[in-house]
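Biologist: Let us go through this model term by term. I will ask what stands behind each label.

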Amino acid sequence: MPESRKRAKKGGRSQADDLEIKSWTDGIPMSPSWWAPTFVSLLVVGLVWMVVMYMTGGRYPIPGIGNWNLAIGLGFMMSGFLMTLRWR
């Protein structure tokens, strides 16, 4: 009975793969160390702002503006989300 061919084992990435990855990431600066804590904080502040707004029926965190509190909370969250797009 004929013996089947042996397949080459792929133990890890090849050097060509590493060079390919490095070629398109050259010149992209890394984010500063404060970037990630800032966008996470903005996302959490926006979430807490909206939870407080819903639990108090729109009276708080800023009394008198009603449902505009929802827009402020969404603004915080959008700012945090947009920061995630620039994170390296």
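Modeller: pLDDT is the predictor's confidence in each residue, from 0 to 100. Helices are DSSP runs of H or I with at least four residues, numbered from the N terminus. This is a predicted model: local features need pLDDT of at least 70, side-chain atom pairs count only at pLDDT 80 or more, and totals for chains, interfaces and linings use all residues. Residues are numbered from 1 along each chain as its sequence is written, and side-chain values use heavy atoms, without hydrogens and water.

Biologist: What is the mean pLDDT of the protein?

Modeller: The mean is 86, and 76% of the residues reach 70 or more.

Biologist: Why are α2 and α3 called roughly antiparallel?

Modeller: The axes of α2 (residues 35–55) and α3 (residues 68–85) cross at roughly 160 degrees and come within 8 Å. Angles under 35 degrees count as roughly parallel, over 145 as roughly antiparallel, 65 to 115 as roughly perpendicular and the rest as oblique. Therefore α2 and α3 are roughly antiparallel.

Biologist: How many aromatic pairs does the structure hold?

Modeller: It holds 3.

Biologist: What makes the pair of Phe39 and Trp87 edge-to-face?

Modeller: Their ring centres are 5.5 Å apart and their planes are at 65 degrees, so the pair is edge-to-face. Rings pair if their centres lie within 6.5 Å; planes under 30 degrees apart count as stacked, over 60 as edge-to-face and the rest as tilted. Phe39 lies in α2 and Trp87 in the segment after α3, so the pair ties together parts 48 residues apart in sequence.

Key:
Axes fitted to C-alpha atoms, helices over the stretch in contact; angles between N-to-C directions. Helix = DSSP H or I, 4+ residues; strand = E, 2+ residues; numbered from the N terminus. Phe/Tyr/Trp six-rings, centres within 6.5 Å; stacked < 30°, edge-to-face > 60°.
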